[in-house]
Each structure stands twice: as C-alpha cells, then as structure tokens.
Amino acid sequence: MNDSGVSRLALLRFLERVQERDLARTRKWILDEEAREAERRVGEERRPPAPEWLIERGLDRNNIVAVHTGECWDPGKRARPATRAQAVEALRHQVPACSKCRPDTALGIVD
C-alpha cells in the first residue's frame with residue numbers, strides 16, 4: 001500500500017483539520033445568510049405602504065397626463081402618489097383615467 005512514512009493517524013488528523021476548517025466556513029456562511037435574511041425582513045417591515053392612487057405628470061410637470069390606481073401595472077415613470085381627493089379632483093377636471101386600471105370606475109366617477 002502506501003509506504004511513504006506518514007502514519008494513518010497523521011492522515012486522519014490532517015483530514016480532521018480540513019473538515020474543521022470547512023465546518024467553520026460553512027457556519028460563517030450560515031451566519032452571513034441569517035444576517036441578510038434579518039436585514040431583508042427589517043426592510044420589508046419599514047417599507048411604506050403602496051399608494052392607493054397615482055397621478056402621472058407630463059414632461060413639464062404642470063401637465064397631468066393620467067390618473068391611475070395604486071395597483072396599476074402601467075403607471076409610467078412620472079407617476080406620483082396622490083390622495084383620493086386629488087385623484088377625484090383630477091378626473092373631474094377632465095384628466096384622462098388610465099384605460100388599464102380604470103380609476104374612474106374604482107372611484108365611482110363614471111361618465
């Protein structure tokens with residue numbers, strides 16, 4: 001067999017050191033992952049609630065392009081949170097309602 005002069009006990013001790021190092025590394029990975037999970041949970045708890053209504057503005061910021069519900073899947077990049085009163089006021093001033101989420105129907109303002 002192997003006659004290199006290294007005893008079986010020495011080889012087993014070497015294997016033990018390697019496995020202890022691997023176990024320590026695995027335990028560090030577990031601690032790191034637990035910290036990431038805790039950070040993710042804190043982030044979710046601190047996230048503000050989604051707005052109920054959105055008002056999408058044009059390029060000049062004075063022009064209101066559309067009114068959306070907060071759950072609309074296509075609000076545009078310039079949509080900002082709005083109150084119910086602001087959404088109703090915009091719709092009453094002839095601002096178009098989004099054709100996808102129908103905020104006018106959700107608000108009970110149907111022409």
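**Basis and confidence**

The model is predicted, so local features are described only where pLDDT is at least 70, side-chain atom pairs count only at pLDDT 80 or more, and totals for chains, interfaces and linings use all residues. Residues are numbered from 1 along each chain as its sequence is written, and side-chain values use heavy atoms, with hydrogens and water left out.

The term pLDDT denotes the predictor's confidence in each residue, on a scale from 0 to 100. The chain has an average pLDDT of 91, and 96% of the residues score at least 70. Confidence is highest in helix 1 (residues 8-46), at 97, and lowest in helix 3 (residues 103-107), at a mean of 89. Helices (H or I, at least four residues) and strands (E, at least two) are DSSP runs, numbered from the N terminus.

Three strands make up an open sheet in the order 2-1-3, with antiparallel pairing. Strand 2 and strand 3 (79-82) are at the edges with a single partner strand each, so one side of each has no neighbour in the sheet. On average, neighbouring strands of this sheet are turned by 30 degrees against each other, direction ignored. Such axes are lines fitted to C-alpha atoms, for helices over the stretch in contact, and angles run from 0 to 180 degrees between N-to-C directions.

Two strands count as paired if DSSP finds at least two bridges between them. Strand 1 and strand 2 run antiparallel and are joined by five bridges. Glu56 has Ala66 in strand 2 as its bridge partner, and Trp53 stands opposite Thr69 in strand 2. The hairpin of these two strands has six residues between them, and Arg61 there takes a positive phi near 65 degrees.

Helix 2 lies across strand 1, strand 2 and strand 3, and runs at about 50 degrees to strand 1. Buried means under 20% relative accessible area, exposed means over 50%, and partly exposed lies in between (1.4 Å probe, protein chains only). In helix 2 (residues 84-92), the residues Ala87, Val88, Ala90 and Leu91 are buried. They lie on the same side of helix 2 because they cover an arc of only 160 degrees around the axis; this arc is that of the directions from the helix axis to the C-beta atoms. The face turned away from the buried side carries the exposed residues Ala85 and Arg92.

The cover over the buried residues of helix 2 includes strand 1 (53-57), strand 2 (64-69) and helix 3. Asp104 belongs to helix 3. Contact means heavy atoms within 4.5 Å. Neighbours within four places in sequence aside, Asp104 is in contact with Leu91, Ala97, Ile109 and Val110.

**Cysteines and buried residues**

A disulfide is a pair of cysteine sulfur atoms within 2.5 Å. The structure holds zero disulfides. The sulfur of Cys72 is 3.7 Å from the closest cysteine sulfur, in Cys101, which is too far for a bond. The sulfur of Cys98 is likewise 3.7 Å from its closest cysteine sulfur, in Cys101, again too far for a bond.

| Residue | Relative accessibility and class |
|---|---|
| Asp104 | 11%, buried |
| Cys72 | 9%, buried |
| Cys98 | 6%, buried |
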